[in-house]
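Keep the structure open while you read.

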Amino acid sequence: MTVIVVTLGGMMVAAAIAVLFVRDLLSAIIITGFVSLSASVMFLLMDAPDVAITEASIGAVLATMIFLWGRGKIGEDR
Amino acid sequence: MIRTLTGLIIVLILGAVAAAVVPEMQMREELQGVGYSYASRGMDDTGSSNLVTAVIVAYRGLDTLGEVVVLFCASTAVVLILTLYPIGMKASEPSRVVAFTAKVLPAPILLFGVYFIAHSHISPGGGFPGGTVIASVFLLVMLGSSSVPDGKGRLSAIESLAGLSFGLLGFWGIMTVGQFLNNAFLGTGTPGTLVSGGLIPLISIAIGAKVASEFSGVFKAFRNTGGTV
């Protein structure tokens with residue numbers, strides 16, 4: 001249990017830092033989505049399924065999708 | 001480069017704050033105060049075996065009403081801006097994988113969303129997540145077709161009706177027992193059964209319909225080049 005939480009937390013921190021350094025906007029969006037999804041798993045491990053559901057549907061799916069569309073609108077030139 | 005450094009510094013500051021605060025946090029063995037009251041009396045008071053929903057919809061129903069209003073304002077602003085300044089992203093032809101997925105998956109996902117809303121007082125879930133799941137079905141269907149669907153104002157109609165019915169359910173309490181958003185005047189039923197929890201299932205349906213139509217409207221506005229939501 002603790003091992004899973006620490007591993008997942010470490011991956012989340014690493015991914016969150018990686019968002020700052022990737023060149024590609026698409027990669028940054030996907031990594032942000034991964035952080036959200038990991039957060040949702042973390043909530044589930046901490047016995048908060050309601051929050052996990054909300055995080056997975058809003059943070060990991062809808063927000064990622066809106067970011068992707070925003071990227072499509074502004075184009076690749078940042 | 002400066003932007004990256006600024007972000008990194010912000011992350012480090014936040015990390016330092018978290019590192020300072022987290023060790024001070026203590027896990028209490030027992031609930032105290034309001035939390036204890038909710039946990040011990042919640043099921044008897046509301047007839048809802050999911051205490052999270054009981055707190056969100058029954059005990060703190062007024063806050064949820066305010067939250068719904070905030071969400072309404074935010075989505076209205078987004079849709080307004082995107083309608084006034086349509087950027088006109090062309091919907092491209094979906095690939096075969098996406099088109100196939102958009103044909104197969106919507107029905108089970110829709111069922112899942114409806115289950116979240118209908119069972120919000122029994123199992124984890126509720127109006128907000130259920131509504132977003134239903135909105136993601138709308139999103140999937142839209143991704144699978146190259147044309148933007150014409151809502152003919154129906155999304156706005158559903159949104160308004162759902163918001164109105166939340167308010168009216170509150171006023172029902174005033175008319176019967178003299179308390180706004182009273183949960184228990186219909187009887188609370190047996191906890192764990194589908195027809196239980198007083199007004200919680202009805203309010204969940206209203207919230208779910210509202211959230212689903214709002215997010216669908218936002219998605220549609222993102223793809224739209226003009227016209228009604």
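## Where the two chains touch

In this predicted model, 16 residues of chain A are in contact with 19 residues of chain B. On the chain A side, helix 1 (2–21) and helix 3 (49–74) each supply at least two of the touching residues. Helix 3 of chain A gives the largest share, with 12 residues.

What kinds of residues make up the side of chain A that touches chain B? Sorted by class, there are 11 nonpolar, 3 polar and 2 charged residues.

## A quick tour of chain A

Of the 78 residues in chain A, 15% are buried. Now take the contacts in chain A between residues at least 6 apart in sequence: 47% of these join residues at least 24 apart.

## Helices 6 and 7 of chain B

Two packed helices are described by the angle between their axes and the distance between the axes. Over in chain B, helix 6 (residues 106–118) and helix 7 (residues 127–143) pack at about 165°, and their axes are 7 Å apart. Angles over 145 degrees count as roughly antiparallel, so that is what helix 6 of chain B is to helix 7 of chain B. The crossing of these two helices is left-handed.

Which residues do the touching here? From helix 6 of chain B, they include Ile109(B), Leu110(B), Phe112(B) and Phe116(B). Among their partners in helix 7 of chain B are Val133(B), Ile134(B), Val137(B) and Leu140(B). The residues in this contact between helix 6 and helix 7 of chain B come to 12 nonpolar, 4 polar and no charged.

## Helices 4 and 8 of chain B

Another pair to find is helix 4 (residues 61–84) and helix 8 (residues 154–177) of chain B, which pack at about 160° with axes 11 Å apart. Helix 4 and helix 8 of chain B are therefore roughly antiparallel to each other, and their crossing is left-handed.

Helix 4 of chain B brings Leu65(B), Val68(B) and Phe72(B) to the contact, while helix 8 of chain B brings Gly163(B), Phe166(B) and Gly170(B). By class, that contact between helix 4 and helix 8 of chain B has 4 nonpolar, 2 polar and no charged residues.

Notes:
Residues are numbered from 1 along each chain as its sequence is written. Chains are lettered from A and ligands numbered from 1 in the order in which they are written. This is a predicted model: local features need pLDDT of at least 70, side-chain atom pairs count only at pLDDT 80 or more; totals for chains, interfaces and linings use all residues. Axes are lines fitted to C-alpha atoms, for helices over the stretch in contact, and angles run from 0 to 180 degrees between N-to-C directions. Helices (H or I, at least four residues) and strands (E, at least two) are DSSP runs, numbered from the N terminus. Angles under 35 degrees count as roughly parallel, over 145 as roughly antiparallel, 65 to 115 as roughly perpendicular and the rest as oblique. A crossing is left-handed if the near helix is turned anticlockwise from the far one by less than a right angle, and right-handed if clockwise. Two residues are in contact if their C-beta atoms, placed from the backbone, lie within 7 Å. Ala, Val, Leu, Ile, Met, Phe, Trp, Tyr, Cys and Pro count as nonpolar, Asp, Glu, Lys and Arg as charged, and the others, Gly among them, as polar. A residue is buried if 20 or more other C-beta atoms lie within 10 Å of its own, exposed if 12 or fewer, and partly exposed in between; C-beta atoms are placed from the backbone.
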